[in-house]
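Here is a short briefing to read alongside the model. Keep the viewer open and follow the topics in turn.

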Amino acid sequence: MINPLLKELSNNNRIPPFDIIKNSQFKEAVIFSINKQISTIEKICSARSKPTFRNTIIPFLNSGNKLTEILSIFFSFCSTDLTKERESIRKELLPTISEHYSSIYQNEKLFDRINKIPEFKKNTELGIEQNRVLHLLKRDFIRSGIDLKIEDKTEYRKIIKKLSILGVNFSQNIIKDEKDWIYFLKKKDIASLPKFLVNDLKFLAKSNGKKGYAINLKEALILPFLKFSDNRKLRKKVLKSWKSRGLKSGNSEIIKKTIILRQKLALLLGYKSFSNYRLETEMAKEPETVRNFLLDIWDPTKKKVKNEISELNRLLHIDGYLGKIKPWDWRYYAEKKREEQFNFNEDDVKSYFQLDKLIEAISYSCNRLFNLKLNKVDMNAYHKDCKVFEVLKHNQRIGLFIGDYYAREGKRSGAWCSTFKSQSKVNGKRLNPIVLNVCNFSKPQKGMPCLLTFDEAKTLFHEFGHALHQLLSDVNFEMLSGTSVSRDFVELPSQWFEHWLESKEILKKFTSHYKTKKNISSKLLKNVISSRTFNSGFDTTEYLASAIMDIKLHSEKPISNPIKLEKKYLNKIGLTKAIYPRHNLAQFQHIFSGGGYASAYYSYMWSEMMDEDAYSAFKETGDIFDKKTAKSFEKNILSKGGTKEPEILYKAFRKKLPDPQILIKSRNL
Ligand SMILES: [Zn+2]
């Protein structure tokens, strides 16, 4: 049988045929595509003709397409449905893959040819993109050690290989610790919990073959439990277990090794620290800039948190406890405070937020802004829970979109956006992207709609913002397409789009009670909107604590015990004992499950500075659906991908760069 992975997998009208792809076929397909790419590159290198964009860059870029396509499927399978079999295939393949990419970027003959290609002189759209591709490729080669001595090159490759294995082990340890932990609750433990949560806890017990109720370490259960459980001891137990994920299985050692290796890598390439290396390609450029940016917000945040603490202490004392609020109390009393101040609880709100309606809201917003439409189509993705849509612009299909929204065993926690194919053009003809959004919402029981908390609804919009960046991309080269931008720019479209969920018009139009079908009352709506910055001291603190640790660990000399340092340092800069960092190091997947956000976790807030400012551009017109502003946002940012430096793209839209002070205002610090 011919391996289906080696045939054409998708096109403008079709997603990959997931149902006929078998796990056992990945290895063959990956090795075959690697070898094919190697032989194409050899051909490019041995050509006698003068190197040009057409005879060198184009075939080089194309040579990697098949491998990228196969890997996007394989890695998606691993993050959404990790089985023992896939785990062992991944372990086997990763070193080969990372070795392959390292060897491409250390191929001197190839670099030599690329280096000789003259810049495109004419300032046409294609010319600008070609020059950008050339610039980025050269930069990639240099950052991957092309200029190193032979023995250093070997060392570089060794480090990269080790890092990729450490990253995988880090995630696996967390999944393992999560799997090992389940706690069966007594009837009295659920008395204070809202119905939706009780249902989920019952469902979990049942799927473990028991009667009653159970909780595990999935975020979708933990966070509401901490908010609503009136059992202080149990809250402590649950939060402590959640915050210890990764520790039991040995992530402390992985963190230590990872930081040392990253530092080694940076020094080898001639940088002062890993942060200096990492930030070279970002908007922020220097660790000093990031540190100052974060600390500038840290100070007003501390003041705000002080006020929040004294309010929560008051509620704690009313309940008859002495002493101060602890991390396992925070969400519970904050929820009480919210109810007191805004007169609604999460359960009230959740009944109005139905996943399907919110997808309609996304389609509606995109229609008003960009003339887009989401149409559900009858295609099967890799799991029966996935929903597949075609995305139309002025009724022309511009891409396919897959939503994989429900939590399940084997799915990585969190939410993300990726592609099975990124947008590009061949001879001017557009190849549409196939975009995937993955979330971890609790799957509804039969006959029930999927109900979301307000935060989950925000995540839904957030990930679709990334999808928009991919779907509206209009560039020639896949390498520059959609979200192929610096990490501190990539969260701009996603966080920007969250604002539309928070708008009065959308909330009014697309929220209706799942039972009574009644629209959300204007009083509740008003309260939901005005509670937007409630608890912002807490939110900002837990985020900043993680971001500050990330930049510290990667910009300074590696130390022997990062976990110990975490406590000591956060204490030194005045982190209150009432709040844990959003990610304790042992479960900080953004920076240790691969290098994605290493030394770049600050990007969320950096992007937020821009998304707030970009949203202001819409508000200033008096209409958040203002077509002219939307057109400019699409033309200058969403469609442009990474074709220009982010500063240039942003200034083309807004004429100036934003000021960090906008965050202090928008977060009400
Ligand atoms: Zn994001």
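Asn-427 sits in the loop between strand 7 (424–426) and strand 8 (429–431); helices (H or I, at least four residues) and strands (E, at least two) are DSSP runs, numbered from the N terminus. This is a predicted model, in which local features need pLDDT of at least 70 and side-chain atom pairs count only at pLDDT 80 or more, while totals for chains, interfaces and linings use all residues. Residue numbers start from 1 along each chain as its sequence is written.

- Although Asn-427 is not a glycine, it has a positive phi of about 50°.
- Most residues other than glycine have a negative phi.
- Is Asn-427 buried or exposed? Asn-427 counts as exposed because it has 5 C-beta neighbours inside 10 Å. (A residue is buried if 20 or more other C-beta atoms lie within 10 Å of its own, exposed if 12 or fewer, and partly exposed in between, with C-beta atoms placed from the backbone.)
- Ser-599, also a residue other than glycine, has a positive phi near 60°.
- The loop between helix 23 (589–592) and helix 24 (603–619) holds Ser-599, which counts as buried because it has 28 C-beta neighbours inside 10 Å.

**The chain as a whole**

- The chain has 27 helices and nine strands. Its radius of gyration, taken over C-alpha atoms, is 25 Å, close to the 26 Å that the globule rule gives for 669 residues, so the chain is as compact as a globular protein of that length. (The globule rule is 2.2 Å times the number of residues to the power 0.38.)
- Taken along the principal axes, the C-alpha atoms fill a box of roughly 85 × 60 × 55 Å.
- Of the 669 residues, 43% count as buried.
- Among contacts with a separation of 6 or more, 73% come from residues 24 or more positions apart. (Two residues are in contact if their C-beta atoms, placed from the backbone, lie within 7 Å.)

**Domains and cores**

- The domain assignment gives domain 1 (4–104 + 107–143) and domain 2 (181–243), with bounds that come from an automatic or database domain assignment. The C-alpha centres of domain 1 and domain 2 lie 45 Å apart.
- Which residues touch the most other members of the largest nonpolar core? They are Leu-294, Leu-358, Phe-401, Ala-547 and Tyr-602, in a core of 152 residues. Domain 1 and domain 2 both give residues to this core, so it lies between them. (A nonpolar core is a set of buried Ala, Val, Leu, Ile, Met, Phe, Trp, Tyr and Cys residues joined through C-beta atoms within 7 Å.)
- Apart from this core lies another, of 14 residues, among them Ile-44, Phe-60, Ile-114 and Ile-146.
- Not counting residues up to four places away in sequence, Leu-358 touches Phe-353, Leu-452, Ala-457, Leu-460 and Phe-510.

**Strand 5 and its partners**

- Strand 5 (residues 396–406) is mostly covered, with eight of its eleven residues buried.
- Strand 4 (residues 387–393) and strand 5 run antiparallel and are joined by seven bridges; strands pair if DSSP finds at least two bridges between them.
- Phe-389 has Phe-401 of strand 5 as its bridge partner.
- Two residues separate strand 4 and strand 5 in their hairpin, and His-394 in the turn has a positive phi of about 45°.
- Strand 9 (residues 434–441) runs parallel to strand 5, with six bridges joining them. The bridge partner of Ile-402 in strand 9 is Leu-436.

**Helix 21**

- Helix 21 (residues 536–555) has 20 residues that should span 28 Å at 1.5 Å a residue, and its end C-alpha atoms are 28 Å apart, which agrees. (The expected span is 1.5 Å times one less than the number of residues.)
- Helix 21 is mostly covered, since 17 of its 20 residues are buried.

- Ile-215 belongs to strand 2 (residues 213–216) and counts as buried, with 26 C-beta neighbours inside 10 Å.
- Leaving out residues up to four places away in sequence, Ile-215 touches residues including Tyr-183, Leu-201, Phe-225 and Val-238.
- Lys-158 is in helix 7 (residues 150–179) and counts as partly exposed, with 14 C-beta neighbours inside 10 Å.
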